[in-house]
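This briefing is meant for a reader meeting the structure for the first time. Please keep the sequence and the model in view while reading, and follow the topics in the order in which they are set out.

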Amino acid sequence: MRKSIQIRVGKVTIGGGAPIRVQSMTKTDTEDWKATLAQIKELAQAGCEIIRVAAPTKNVLPSFEKIVEKSPIPVIADIHYDWRLAVEAAKLGAAGLRINPGNIGEEWKLERVIEAAREAEIPIRIGVNSGSLPKEILEKHGKASAEAMVETALQHIKFFEKRGFRNIKVSLKASDVSRTVQAYRKIAPLIPYPLHVGITEAGTFLTGTVKSSIGIGILLAEGIGDTIRVSLAAPPIYEVKVGWEILKALGLRRRGVELIACPTCGRLEVDLLPIVDVIERRLEGLDIPLKVAVMGCVVNGPGEAKEADIGLACGRGVGIIFEKGKLVERVEEGEMVEKFVKRVFSLARRLKNEKNP
Ligand code: SF4
């Protein structure tokens, strides 16, 4: 595991041994503070720990101030081009700034942003995107390669360090997995700062989930990455859910229910998919880490169901419930879901009480 220095975005620590954080970005019009705040609350409920909000013009600043004040999680201002917006956002209480220094322009403008962040004691994310590398670096490398992205980031970092500003995290995003992975691998041993990992413009729900899971997954498995954002052309709640699933699949963090469902096959004895669907929705709000298995037959189902904290093996007209490997109840098909969900909640309550007696 690569160990970076630790920074703080509001109350949330990043890097330096802190848990890997899940972030997302609001997709509402920032000027509509009510809609933006409602989205943030929904995302926070789903496990989003830091939220980024676009601040494209000065018209959003009054709304941004309200959002910052009322948000349950730290708000990062996403700024492109206009240094004055970054300075204002810092003054209005942003917990961090995300800029692409290349887009801010002259050095003095960047210096003003650094000063504002220093004064507000907030970090800046240096976000390098393959689509907006400086001309001279592109000419030198011939294309927006991983090397070109790393060189760009190192140049920016040096600029910040020269001004004594080290409260930074870094991202190097390309829309393809291999370039992104290469870029992060290259920069990881060269800098002490936390890395924000993600695949930019990854795509629709399906392609974006696959690309992000592979790209972020490879890096996290190699110990690279301190905070993640899954980018999807889909409601942001899915970004948060997919982010958590990546962390859970790698065993890096646990949160809520990890639902294991069999893929179904010719041995299937019930209409399993709607059953899994209902169970997944009913268990959504559970905040205690639990492995829950729902299997489609009594041939192979019990094995998997026994290994989970609680499992249901569905047979023809009947279901068998296992808790911690022991058969605890046989239930009729009609009441299977109800009884199973009830047992999951009561197990969760027991485990919670054991944890905090
Ligand atoms: S648990 Fe049963 S139904 Fe499900 S995939 Fe395995 S064998 Fe098929």
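How many helices and how many strands are there in the chain? The model is a predicted one, and its chain contains 13 helices and 15 strands. Along the principal axes, the C-alpha atoms fill a box of roughly 70 × 45 × 35 Å, and of the 357 residues in the chain, 45% are buried.

**Domains**

- The domain assignment of the chain gives domain 1, covering 7-249, and domain 2, covering 257-355.
- When the centres of domain 1 and domain 2 are taken over C-alpha atoms, they are separated by 38 Å.

**Helices H1 and H10**

- Helix H1 (residues 33-45) and helix H10 (residues 236-249) have axes that come within 9 Å of each other and cross at roughly 20 degrees.
- Because angles under 35 degrees count as roughly parallel, H1 is described as roughly parallel to H10.
- The crossing in which H1 passes H10 is right-handed.
- Gly-243 has its place in helix H10, and this glycine counts as buried because it has 29 C-beta neighbours inside 10 Å, where 20 or more are required.
- Gly-243 and Val-230 are 13 residues apart along the chain, and their C-alpha atoms are separated by 5.9 Å.

**The surroundings of the ligand**

- The residues that surround the ligand include Cys-262, Pro-263, Thr-264, Cys-265, Arg-267 and Leu-268, and also among them are Met-295, Gly-296, Cys-297, Val-299, Asn-300 and Gly-301.
- Sorted by class, the shell around the ligand consists of 7 nonpolar, 4 polar and 1 charged residues.
- Thr-264, one of the residues surrounding the ligand, is located in the loop between strand S11 (257-261) and helix H11 (272-282).

**Residues with a positive phi**

- Most residues other than glycine have a negative phi.
- Thr-264, although it is not a glycine, has a positive phi of about 70 degrees.
- Is Thr-264 buried or partly exposed? With 15 other C-beta atoms within 10 Å, Thr-264 is partly exposed, because that count lies between the limit of 12 or fewer for exposed residues and that of 20 or more for buried ones.
- Glu-121 is likewise not a glycine, and its phi is positive at about 55 degrees.
- The loop that holds Glu-121 runs between helix H5 (107-120) and strand S7 (124-129).
- Glu-121 counts as exposed because it has 9 C-beta neighbours inside 10 Å, and a residue with 12 or fewer is placed in that class.

- Leu-327 has its place in strand S15, made up of residues 326-332, and counts as partly exposed, with 14 C-beta neighbours inside 10 Å.
- Leu-327 and Leu-220 are 107 residues apart along the chain, and 37 Å separate their C-alpha atoms.

Notes
Residues numbered from 1 in each chain as written. Predicted model: local features only at pLDDT ≥ 70, side-chain atom pairs only at ≥ 80, totals over all residues. Domains from an automatic or database assignment. Helix = DSSP H or I, 4+ residues; strand = E, 2+ residues; numbered from the N terminus. Near = placed C-beta within 6 Å. Nonpolar A, V, L, I, M, F, W, Y, C, P; charged D, E, K, R; others polar. Axes fitted to C-alpha atoms, helices over the stretch in contact; angles between N-to-C directions. Parallel < 35°, antiparallel > 145°, perpendicular 65-115°, else oblique. Left-handed = near helix turned anticlockwise from the far one by under 90°.
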